[in-house]
Amino acid sequence: MRALTERVEIHATKEAVWDALADFGGVADWAPYMKSSHLIGDLETGIGTRRGMRHAWGFRFEETVTRWDEGVGYSFDVLKAPYPMRDVRESWATGMENGFPTVTTQVNYDMKLGPIGLLLDWLLVRFVVKREMRAGLRGLKQYIER
């Protein structure tokens, strides 16, 4: 399983950072690659919360929260990951460094297609995922610091 990690420092209060992250259904407000996002069901926070999204490239997918630490972070599984990815799990966590809040995100995934999938990951997928992770963190930073 591949694990990719990115982090950003945000010049705001830790509460402001958590408020933005805790709005699980509102990710399209700050993630530049998400065209739309919405909660699915009655839960707004906590384990079991679900959201649906439409990516800028047109595909739709859902995510379900598997861990929720109020004020700190959460993890979720991506249902129906973009082909040829599989078993995609993501986490977002807040911290403090140099007197400012930080946000760290990690994406873990496997690839379908055996050796061909591993080659695709090495040549393309990991670069696309890292680019979107960085864009998401930049978008979150800009959204909160405004």
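Okay, let's start with helix α2, which lies across β1, β3 (50-55), β6 and β7 and runs at about 20° to β1. Helices here are DSSP runs of H or I with at least four residues, strands are E runs of at least two, and both are numbered from the N terminus. For angles, axes are lines fitted to C-alpha atoms, for helices over the stretch in contact, and values go from 0 to 180 degrees between N-to-C directions.

Quick caveat: this is a predicted model, where local features need pLDDT of at least 70, side-chain atom pairs count only at 80 or more, and totals for chains, interfaces and linings use all residues. Residues are numbered from 1 along each chain as its sequence is written, and side-chain values use heavy atoms, with hydrogens and water left out.

So who sits in α2 (residues 114-145)? Glycine 139 does. Buried or exposed? Glycine 139 counts as buried because its relative accessibility is 11%; the cut-offs are under 20% for buried, over 50% for exposed, and partly exposed in between, with a 1.4 Å probe and protein chains only. Leaving aside residues up to four places away in sequence, glycine 139 touches Trp30 and Pro32, contact being heavy atoms within 4.5 Å.

Now the sheet. Seven strands form an open, antiparallel sheet, ordered β1-β7-β6-β5-β4-β3-β2. Its edge strands, β1 (2-9) and β2 (34-40), each pair on one side only; pairing takes at least two DSSP bridges between two strands. Strand β6 (residues 85-97) is joined to β7 by 11 bridges, and methionine 96 stands opposite proline 101 in β7.

Last stop: asparagine 108, in β7 (residues 100-111), is buried too, at 18% relative accessibility.
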